[in-house]
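Let's take a walk through a protein model together. Keep the sequence and the 3D view open while you read.

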Amino acid sequence: MSDETVQDDPKAKAQEGARAALPKRFYKTADVAEGEGGWFVRLDERPLRTPKKRRPVLPDRALAEAVAAEWDAVEDVIDPAAMPLTRLVNTAIDGVSETMDAVARDAARFAESDLLCYRAEDPEGLVARQTEVWDPLVEWARTDLGLKFNLAAGVMHVAQPPETLDAALAHLAGYDAFTLTGLHVMTSLTGSLVIALAVVHGRLSPEEAWAASLVDEDWQISRWGEDEDAMKRRRRNWREMEAAARLARRP
C-alpha cells in the first residue's frame with residue numbers, strides 16, 4: 001500500500017499505525033525440542049513463553065512444529081493476528097487451563113441451540129441439502145455419543161432433553177485444556193457442538209465440518225452471489241477454524 005493511499009484512507013492509516021506498534025522479529029531460528037512432559041517451541045534455542053511467562057509444553061511433536069512454523073514464517077513484525085495457532089495455545093495455557101469447568105459448561109450450552117436442530121421449511125433444495133448433510137451427524141451424535149436432539153422447522157427455540165445437556169457436559173469434562181480450547185472455538189464459529197465434536201472424534205475433517213456449518217450460507221450464495229466483506233470474514237474465520245481443529249484433534 002502506497003504512502004498516499006494510507007494518508008487518504010483513515011482505516012488504512014489506523015492499520016498501518018497498529019502494525020508499526022507490533023514488535024519486530026528478534027530471533028533467527030524457531031524450532032522444537034522434547035522436554036519433560038512433552039514438546040516445546042524454541043526461539044534461538046530459548047523456550048517460547050506465553051504472555052503470562054509460562055513455557056508451553058505441547059502434547060505432540062506435530063503440534064509443536066506447527067506452532068514453530070508460525071514463528072518461522074514471521075518476516076518483519078510479530079503479528080498475533082497472523083498466528084492463530086500460537087494464540088490458541090496461549091489461550092489454552094494462560095486462560096482455559098485455569099477455568100476448565102466454566103469453559104466446558106459454556107461449550108456444552110451450545111447443545112441447547114445447536115445449528116443442526118433448526119431446519120428450513122423451504123425452499124425444497126435447501127431442505128434437501130440440510131437433510132443430506134446434517135441428518136447423518138445428528139444420528140452419529142445419538143448413536144455414538146448418546147446425544148439425542150429434538151429438531152424444529154424454522155427458528156423458534158426447541159427445548160432439548162435434560163439428559164442430552166448432561167451427556168454433552170460429561171463428554172467435555174474429560175478433555176485437556178488444548179482439546180477444550182479448540183472445541184470451544186470450533187463450536188463458537190460453527191454454531192454447533194455436534195460439528196465440533198465430530199472433528200474431535202475424527203468423524204469429520206476440518207474442511208467437512210466447515211462446509212457442514214455453511215450449508216445455509218452457501219445456499220444463499222448460490223442464489224444471490226458473494227458479498228466481498230462477508231467472504232473476507234469467512235476466510236478469516238476459516239483460518240481460526242483450521243487452527244482450532246489442529247489444537248483439538250490429535251494426529
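In which helix is E65 found? It's in helix 3, which covers residues 61-72. Before going on, a few ground rules: this is a predicted model, where local features need pLDDT of at least 70 and side-chain atom pairs count only at pLDDT 80 or more, while totals for chains, interfaces and linings use all residues. Residues are numbered from 1 along each chain as its sequence is written, and side-chain values use heavy atoms, with hydrogens and water left out.

Back to E65. Because its relative accessibility is 37%, E65 counts as partly exposed (buried means under 20% relative accessible area, exposed over 50%, and partly exposed in between, using a 1.4 Å probe and protein chains only). Now find V32: E65 and V32 sit 33 residues apart in sequence, yet their C-alpha atoms are 6.3 Å apart in space.

Let's zoom out. The chain has 12 helices and five strands; these are DSSP runs numbered from the N terminus, with helices being H or I of at least four residues and strands being E of at least two. Along the principal axes, the C-alpha atoms fill a box of roughly 55 × 50 × 25 Å. Of the 251 residues in the chain, 43% are buried. If you take contacts (heavy atoms within 4.5 Å) between residues at least 6 apart in sequence, 62% of them join residues at least 24 apart.

Leaving aside neighbours within four places in sequence, T86 is in contact with V67, E70 and W71.

W71 turns up again at the largest pocket, where F26, L48, R49, W71 and I78 are the closest to the centre among the 19 lining residues. On a 1 Å grid over the protein atoms alone, a pocket is an open set of points where a 1.4 Å probe fits, with protein on both sides within 12 Å along at least five of seven lines, and lining residues have an atom within 4 Å of a point. The largest pocket holds about 410 Å³ of space; a volume here is the space filled by probe spheres set on the points, which are joined across faces, edges and corners. Helix 4 gives the largest share of the lining, three residues. By class, the lining has 10 nonpolar, three polar and six charged residues (Ala, Val, Leu, Ile, Met, Phe, Trp, Tyr, Cys and Pro count as nonpolar, Asp, Glu, Lys and Arg as charged, and the others, Gly among them, as polar).

Next, look at a pair of helices. Helix 6 (residues 124-145) and helix 11 (residues 215-224) have axes that come within 10 Å and cross at roughly 145°; axes are lines fitted to C-alpha atoms, for helices over the stretch in contact, and angles run from 0 to 180 degrees between N-to-C directions. Here G125, L126, R129, Q130, V133 and W134 in helix 6 meet V215, D216 and W219 in helix 11.

Most residues other than glycine have a negative phi, and most peptide bonds are trans. E45 is not a glycine, but its phi is positive, about 70°. K53 also has a positive phi, near 70°, and lies in the loop between strand 3 and helix 3. As for peptide bonds, a cis one joins D122 and P123, with omega about 0°.
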